[in-house]
Structures are given as structure tokens and as C-alpha cells.
Amino acid sequence: MNVLEFKNVSYQREGMNSPLKDVNFTIEQGELVQLKGSNGAGKSTIIDFILGIREPDSGEITIFNESPTDLKHKFKTGTVIQNLTFPNGIKLRKWINLIESHYPKVKEKVNSSLQKLENQEQNEDLRQNKYNCEFSGGQQRKISFALAQAGNPDFLILDEPTSNLSPENCQKIGQQIQEFSNEGKTILLVDWTSEIGVNPHKTLILENGQVTVEKGISLEKLESKQSQHEEKKPSLFHWIGLLFQHINFNIYQTIQLDKRYLIISLFITVVYAGFISYIPRIFPLEGTGISHSFIVANAYSFYLALMAITITGNTISIERQNETLNKILKILPLPPVIYLSAKVIASLLIVTILTFFMVGITVLLSDIPSSELLILSFGFILGVIPFLFLGVALGYFFGQKVIQSIALVSCFSLMLPLYLANILEPFKNALEQSSKWIKWFNVGELLSNYFATLSPFYHNIQLLLYFEKEQHYDLYTNIHKMWVILYIVFTLIVALWAYQTVVKKDAKA
């Protein structure tokens, strides 16, 4: 059985020493294969093809008879990428738990590997709750090698697994590699040192964009030890557990990397809610036809939407700029729906906390009854969901430095239709006295009464007013519910489109 097959694969980009031209080779089950080539020959590009990080210009690549981007083979594949470590700001124990959660029915494979690589004192040091920057280059390499075994893979891709390691540690890595080979696992080794002490079954030599094959030890020796691996079929509980792991990881990452931003956001939220709550005392509303509840519904809907876009957009854009984390997430068996859902739910939980702060302060400082606390909070939380998905889309197209400005412009643009009717009232009167065709199209009424319905804010605010039995409510409950659902579905589609667009663009780079 062919574990890996390249058929007529070609690829050319500016800066490459030699473009890949009609590359053809196969790796059979149980083979230990070496990939050799000079710096810049294209070895890392070939590894990226195998992992589905990049796509060739032409040709076909299959892993276990599946596409490189297919989830099935990712459950069977473990990878050590050159100079790939776990991200800064994340503690080792947290990172190991996250990686292992992607593979069903596998436990403690990472710690088991670390125990073989280190003595008891050193292994205990590795298992401490430390950050990436606290480990030496050699320790990071050992951790990376151990993490590649998290899913008990059938196919191991090891890109320079012994760089920064002493001869003694190289031998320990070599012993584990030999054990994998004896178990019938398939192994692709890229440029290892002689201290490893293993012999390949064949060597792939990449030179001038072509791959030639040199035979090693006899393939007949593999026949008796090719392993029969159990098919890894994740259950529904595995996917649910993985979703919760990523939600937990996203909240942890946001708190670790954005503590200052979160503290500032909480402070601004409290000040903003306090100001809105005191409006009736600062500016008397009697005789204006505007209630305090109407002001709260408008002001809080805008602010929470702004926070939803900013938090989600920041999370996505920061991750996009983290090349290490971005590459790891593409290697793991992680469905896009779980990845994006975890981002949205984690951001929603943070926005929910801000919502309860705002509504709680308003209930304490105003005449809005506390019995409406949960109803108001639920209404605001429901209203921010489309903006969370919008934040995902914006995060893929804009960097962290401009995401807040883009979020502000987006919220103003979507809020404007609510007030455009009042702004255009003089023009409406002029239009009504104009030519017959304008009257026939009812342009004035369209501007004054219906333009606001284009805004998701309008429908959410109307539902909030309905819950509070406010006089500004327009009585179209079911229509507003329908529009809120439509906006959620629409922004979800936009978020998925943005994700797919950027992933394809990255793969073609």
C-alpha cells in the first residue's frame, strides 16, 4: 500500500533555487525514507504539500489515498516541522492537552515520549507549567518530537528532528525512530545527522527540481512487520470535547495575550454604562417622546456590536500573524466549523460578561426594574451574534492595527439607516411635492419608513423594546425575529467565505 504518492507535481515561485518539475515518487507502508537536498532545493515546500499547507501548481498528491487537506489522513499523521515550537504566551501543559485533544482514544503519548528522551529530573522540568521562552532550543526540539506522537500516528514526517541536539540526544531520538520502524510505521526523515544511527529503506534526492531514488535496505524485510492499524473514527463526543477544548484555549489565549486590552475594555464598559444610566438625571427626558429604555437599547446595541467585532477580529488577526500557531492549526485534524465556532463562542462569552456588567450597572443606577435584567441581557447577546461572525470575516482581511477602526466604521454604517429617515425628512417632503413618477415609486415613504429595516440594529432594538413593552415598538415581532435569524445566517456565510478565501490564497502562495 502506498502511504504517500506524488504524481507529476510542479511548483514555481520567485526566490526558489530551482522550480519543482514533474516530481514523482511513492512511499510505501512501513518504509523509512530519507529526503535529502541542498538548502533552498524545495524540501520544506514538499513537506508543506504533504501537510496541505500549500498546493502545487499542477500534479496530484495523495496520503493514504486521500487529499492532503482531508481530515482522515491527519488522524494518522504526526509531524515535526523545522524550527516549529509551541506558541509564546502558552504554557507547556496547556499546549500538550490541546494537541492531544485532537486525537480520539489516545492518552499520554507525549509524556511517554518525553520520559524516553530525558532523565527523571530533566523530564520533570519539561513537564512543569512553563512557557515556551523558558526552554532551551534542544528542549523545544524534544517537545516538538514528542508532540508529533500525540495521535500515535501511522505516518511520521520528521523535518530535521535532531537540530540543536547533542550526540547523546540524537541517539535517543534515533532509538525511538527505530522503534517506530520496527512497529511498521511509515517514516519520512528530512536531513538527519549520522548520530541517529538508523538506515533508510530508500533515499529521495531532491536536486534541480527533480527527485531521484536511491535504494537502501531490502524491502523484503518489511513484509513481516507492516502494521495493521486501527481506523481512527472520531465519535460525536470527540468533536464536542474538541470544541470545548478550543473554546477554553481561545479564552485562555485572549486573557494571556490581551490582558491590558481586556482591563481597559472593562473599565470603558463600566464608565459607558454609568453614563448611559445617568442620562435621565443629566438630561431630563420628559416631553421629548424618548424613553430611557429606548436610549439604553440603542446605545448598548451599538457598543456591544463594536466590542463583538473588535474582540473576534483581534483574535483572528493576531492568530493570522502568528506563523507558528497558524501552521500548527493547519496540520492538526481540526474541522473549520469547530475552529471558527470556538472563536465565536469564546468571544461571545467575553461579550456576555460585558453585557451583564452593563445591564447590571443600569439596573442599579436607573429606574429600569431588576426583573428585566435577564431579558435585556439575552436580547443584547442575541443581537451581537451577527457581529461576531462579521468580526471573523474582518479579522481575515485586516490586520490588528486597523481592526478597531474598521469595526467602528462598520457599526456606524449599519447604525446610520436607523436615523437616516429623520435626517432625510426635509428631502422627503420635497420629494412628495415633486414629479408624479417619484410619487408613483413612493420614494419619500421608502426613505422615511423602510430604509431602517436594512440594519440589523433596527430589528434587535425593536425586539428589546417589545420585551420591555415600550411605546416605540412597532408591533412586527415575527418579522424582526425572521430578520435577526437571516442576519445571523448571512454573516455566518460571509465568515465561512472569508475563511475559505484566505486559506486558498495562503495555499497558493
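Reader: Which residues does Thr 491 touch, beyond those up to four places away in sequence?

Author: Thr 491 touches Pro 386, Phe 389 and Leu 390, where contact means heavy atoms within 4.5 Å. This is a predicted model, in which local features need pLDDT of at least 70, side-chain atom pairs count only at pLDDT 80 or more, and totals for chains, interfaces and linings use all residues. Residues are numbered from 1 along each chain as its sequence is written, and side-chain values use heavy atoms, with hydrogens and water left out.

Reader: Why is Thr 491 called buried?

Author: Buried means under 20% relative accessible area, exposed over 50%, and partly exposed in between (1.4 Å probe, protein chains only). Thr 491 has 10% relative accessibility, so Thr 491 counts as buried. Its place is in helix H19, residues 477–507; helices (H or I, at least four residues) and strands (E, at least two) are DSSP runs, numbered from the N terminus.

Reader: What makes Thr 310 a buried residue, and what does Thr 310 contact away from its neighbours in sequence?

Author: Thr 310 lies in helix H10. Its relative accessibility is 3%, and therefore Thr 310 counts as buried. Setting aside neighbours within four places in sequence, Thr 310 is in contact with Tyr 261, Gln 404 and Ala 407.

Reader: How do you know whether Ile 90 is buried or exposed?

Author: The relative accessibility of Ile 90 is 1%, so Ile 90 counts as buried. Ile 90 sits in the loop between strand E5 (77–80) and helix H3 (92–100). From Ile 90 to Phe 249 there are 159 residues in sequence, and 9.2 Å in space, C-alpha to C-alpha.

Reader: What share of the protein is buried?

Author: Of the 509 residues in the protein, 52% are buried. The protein has 19 helices and nine strands. Its accessible surface comes to about 24600 Å², with 58% belonging to carbon and sulfur atoms; such areas come from the Shrake-Rupley method with a 1.4 Å probe, and for residues only the protein chains shown count as cover.

Reader: Which residues have the most contacts inside the largest nonpolar core?

Author: They are Trp 95, Tyr 396 and Phe 457, in a core of 86 residues. Helix H10 (residues 292–321) gives the most to this core, with 15 residues. The name rests on a rule: a nonpolar core is a set of buried Ala, Val, Leu, Ile, Met, Phe, Trp, Tyr and Cys residues joined through side-chain atoms within 4.5 Å. A second, separate core has 30 residues, including Val 23, Ile 47, Phe 49 and Ile 53.

Reader: What does Phe 457 touch, not counting residues up to four places away in sequence?

Author: Phe 457 touches Ser 301, Phe 302, Ala 305, Phe 387, Cys 411, Leu 414, Met 415 and Leu 418.

Reader: At what angle do H10 and H13 pack?

Author: H10 and helix H13 (residues 373–397) pack at about 35 degrees, with their axes 7 Å apart. The axes are lines fitted to C-alpha atoms, for helices over the stretch in contact, and angles run from 0 to 180 degrees between N-to-C directions. By class, this contact has 16 nonpolar, six polar and one charged residues. Ala, Val, Leu, Ile, Met, Phe, Trp, Tyr, Cys and Pro count as nonpolar, Asp, Glu, Lys and Arg as charged, and the others, Gly among them, as polar.

Reader: Why is Leu 374 called exposed?

Author: Leu 374 lies in helix H13. With 61% relative accessibility, Leu 374 is on the exposed side of the cut-off, so it counts as exposed. Leu 374 and Gly 360 are 14 residues apart in sequence and 9.6 Å apart in space, C-alpha to C-alpha.

Reader: What makes Phe 356 partly exposed?

Author: Its relative accessible area is 37%, and therefore Phe 356 is partly exposed. Phe 356 belongs to helix H12 (residues 336–365). Leaving out residues up to four places away in sequence, Phe 356 touches Leu 374, Ser 377 and Ile 381.

Reader: What is the phi of Asn 8, and what is the phi of Asn 65?

Author: Most residues other than glycine have a negative phi. Asn 8, found in strand E1 (residues 2–11), has a positive phi near 50 degrees. Asn 65 has a positive phi near 65 degrees, and is in the loop between strand E4 (58–63) and helix H2 (71–74).
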